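Welcome, and please take a moment to look over the sequence and the 3D structure below.

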Amino acid sequence: MATYTPMIQQYLKIKADYQDAFLFFRLGDFYEMFFQDAVKASQELEITLTSRDGGGEERIPMCGVPYHSAPNYIEQLITKGYKVAICEQTEDPKQAKGVVRREVVQLITPGTVMDGKGIQEKENNYIASITEFDSQFGLALSDLTTGENLVAYCSSFDDLLNEIYSVGAKEIVILSDFQENWKKQLIDRCQATLSYQKESSISEQFSSLVEEINDERLVTTFGRLLSYLERTQKRSLDHLQKLKVYYLHDAMKIDLFSKRNLELTETIRSKGKKGSLLWLLDETKTAMGGRLLKQWVDKPLVDKVKIEKRLSMVETLMEHFFERENLRQLLKEVYDLERLAGRVAFGNVNARDLIQLKKSLQQVPAIESLCQSLQSETFSVERLDSCEDLTNLLERSIIENPPLSVKEGNIINDGYNDQLDQYRDASRNGKTWIAQLEQQERQKTGIKSLKIGYNKVFGYYIEVTRANLHLLEEGMYERKQTLSNAERFITPALKEKESLILEAEEKIVELEYQLFVEIREKIKQYIPRLQGLAKRLSELDVLQCFATVSENRHYCKPAFSLYNELFIKNGRHPVVEKVMDTQEYVANDCYFNNERHMLLITGPNMSGKSTYMRQIALTSILAQIGCYVPASEAVLPIFDQIFTRIGAADDLISGQSTFMVEMLEAKNAIAHATSQSLILFDEIGRGTSTYDGMALAQAIIEHIHEKIGAKTLFSTHYHELTVLEEQLQSLKNIHVKAIEENGKVVFLHKIEEGAADKSYGIHVAELAELPKSLIVRAKEILKDLEKDSKGTSSVTSKKSERVKEESFIDSQLSLFPDHGQQPSTKVPTLSKKEQNVVDQLKSMNLLEMTPLDAINALYQLQKKVK
Ligand code: ADP
Ligand code: MG
């Protein structure tokens, strides 16, 4: 059997250690991939697959990318969740005996990228690690771009999943024997890449990061993450910050479904930031502030003292418009100090970054004095460290408009370094000499067009046009190059100066780079101070952001109730209000106390039930992150948790929801809610048949009412449930008012006490322009149904043992009996054609259809009976 060539053997040996990554194997000016890597990469990156002879029996699949365009390809693979191992030649090929030595110098993974498209300015890029301890979980998080390190306990797998989802970790480091079904959930729910690392001890170099933490388990959890970072990055991680312990119970708990439903940081449909609460709020001026804002929105506080501290800072900034505007202007000039610190440690900053750093630091004294002027009992900011000596160093050393490259000179100021000044003198003098020489030669020869130029191949030369050649003195000039209408010459004196100039320039470039590296090393000493400064500035930025939004949108400062009451006057949905430009948003009140902790909302479709429910939740979240709220007055409880569940029918658009998911989420709320929680159940029970759905809805309401006592908003299209008000002491009916004008429904979006008198389903159908004949027919049927059901109670009393099925009539027009039971009412006889359509309708599984399928099917059915 033929054996592979030495190079392929080397490749296979290295690849063995990086099975789960694409190995970018450096060969001259290319990174090459072989075997399966090549086949897969050629598909993912749409590059040509070729093959080469590797000494084996068959040719080896191969593809490659030029090294200078590699970053783009690497980014594509990382964005898709892959890892890339960069394998470089680690000795000069000219010196090599045999195969050039090669080593992997970095493993780039979704959780460890430092730049490129995957990195959003205003989002953290976390990598996580998990360690299980007796069904509890240690969770460590690290953002390599900012150096932030966090660790926490999660007491259940659900909590862990929620937390990883909400911080958006893209990669998770675990032990290889982590339970399979957990792995699956991490991949499915969090779309994370999994990585494995056994080692978890902390090396000497990093022991200071954990010196204040006594809990061995948390240290182990972080240790696993740190060893993974060391193993993969193989470079300086000097910017890593001290490990910080945090506690899940310090934040309001909102599970991942509820976060999605409330559209806190992204919308359900587009999954983008636009249209989310975060989008509405983002008036931050710095990238660091943007990231902190997202963290705050993700974790509303539950500690009243902390909340009120933020609120009073916001209040001070509200009251000082000019200072606030000034602060905004100053912050605008502040660069991303956290990420800059990371790049300094990694060694990939350039001189332009340093100019940005200088400009940022130059803003600090003004920001500091502005804070001093606001300093009071309600507004206190720790002193800002302006790192004056660093500013000074940067002012002296770096040129104002340096080039992108740090290896081509032109980055260090005159006067910063004597040696550099001397070289520059030499170079400048030489150039002056050349300019003088040009003058002299012109005079001597009388050729006005004579000029001295420079190019990389011939160096300095004297150029004379063909017509003037006869004016040159014989034997003084050596011909070097002939152009179409001119000749180029050199002279010994010119060459002598040239070598002086070039030597000086070479030295300048070398020395400038050396000085730049020295400066960069000096900045490393400042990393912890810059990180501290970044933290203060980002907090100020978020607070000014809250003040700005609150003022622009006329929000009010919330107060917190001592009696667990909720009172909102003229409340609005912050995002819907913002996007409705022409129409006026109708403000609504809301009131809860211990005797009135459940509100059952009825009202026609599209009247504003869902909007109203969400606005209560968003108002509470805004208050608990320390922002003012969209209302004219608000007294709120401090909620420990918020649950939201949208009925399957409303969720059809996303195509993901099934009745099972709806029930799982309801279970989640029921299992965890307390009397301090807020529950929003929006048309729950809708995803199943009428009787089923209504029975479930009622049982859920009773359970929350009796056993939990959470503040609950329950919207329903089961009109029959409104009689529960008579049986359940703390449940009250409210409704969204609609009126009929000329037989048509008009939504007022106004919440009122009591139950809606009708459900207007047919009117909405009319608005949607269903055929007139169909509407007329529906009205007839409804009339019959109503006539037949008169006098029967529509809801089972809690005490009644037997369910009177005939009493359930869905007033939203139940055309067909469920489960093949005979309806108690007589549906007028249908023609054969109609019956056929009805049968087909019955057999359709709506929850399995896309909205478009449903429309098409409806259209076909309608055509048959029209
Ligand atoms: P429902 O849940 O009752 O079907 P939605 O809450 O989805 O209704 O609201 C439907 C639409 O009505 C919203 O998209 C919004 O444009 C509008 N709307 C809701 N509430 C208000 C309000 N208070 N003022 C003005 N428009 C509103
Ligand atoms: Mg709704």
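## The shell around ligand 1

By class, five nonpolar, six polar and two charged residues make up the shell around ligand 1. Here Ala, Val, Leu, Ile, Met, Phe, Trp, Tyr, Cys and Pro are counted as nonpolar, Asp, Glu, Lys and Arg as charged, and the others, Gly among them, as polar. Of the 13 residues around the ligand, V586, M606, K609, S610 and T611 come nearest; a residue is near a molecule if one of its heavy atoms lies within 4 Å of it. Helix α18 (residues 609-625) gives the largest share of this shell, with three residues. Helices (H or I, at least four residues) and strands (E, at least two) are DSSP runs, numbered from the N terminus.

This is a predicted model: local features need pLDDT of at least 70 and side-chain atom pairs count only at pLDDT 80 or more, while totals for chains, interfaces and linings use all residues. Residues are numbered from 1 along each chain as its sequence is written, chains are lettered from A and ligands numbered from 1 in the order in which they are written, and side-chain values use heavy atoms, with hydrogens and water left out.

## Polar contacts of the ligand

Where do oxygen atoms of ligand 1 meet N or O atoms of the protein? In the side chain of S610, an N or O atom is 2.7 Å from an oxygen atom of ligand 1. Polar backbone atoms also take part: one of K609 is 2.8 Å from a ligand oxygen, and one of G608 is 3.0 Å from a ligand oxygen. A polar contact is a pair of N or O atoms within 3.5 Å.

The protein covers 79% of the 560 Å² of accessible area that ligand 1 has on its own. Accessible areas come from the Shrake-Rupley method with a 1.4 Å probe.

## The recorded binding site

An unreviewed UniProt entry lists G603, P604, N605, M606, S607, G608, K609 and S610 under "binding site". Such annotations may be inferred rather than shown by experiment.

G603 lies in the loop between β21 (598-602) and α18. With a relative accessible area of 10%, G603 is buried; buried means under 20%, exposed over 50%, and partly exposed in between (1.4 Å probe, protein chains only). Leaving aside neighbours within four places in sequence, G603 is in contact (heavy atoms within 4.5 Å) with K609, V736 and A756. M606 is also found in the loop between β21 and α18, but M606 counts as exposed because its relative accessibility is 65%. Not counting residues up to four places away in sequence, M606 touches F747 and H749.

## A buried tryptophan

Now look for W296, which sits in helix α9 (residues 287-298). W296 is buried, because its relative accessible area is 11%. Residues touching W296, not counting those up to four places away in sequence, are R310, E539, V542, L543, F546 and I625. E199 is 97 residues from W296 along the chain, and their C-alpha atoms are separated by 33 Å.

## Two positive phi angles

Most residues other than glycine have a negative phi. E46, although not a glycine, has a positive phi of about 50°. E46 lies in the loop between α2 (35-45) and β3 (50-52) and counts as exposed, at 72% relative accessibility.

K271 is not a glycine, yet has a positive phi of about 60°. K271 is found in the loop between α7 (256-262) and α8 (277-281), and at 44% relative accessibility K271 counts as partly exposed.

Note on methods
A polar contact is a pair of N or O atoms within 3.5 Å; within protein, one must be able to donate a hydrogen and the other to accept it, and residues adjacent in sequence count only if both atoms are side-chain atoms.
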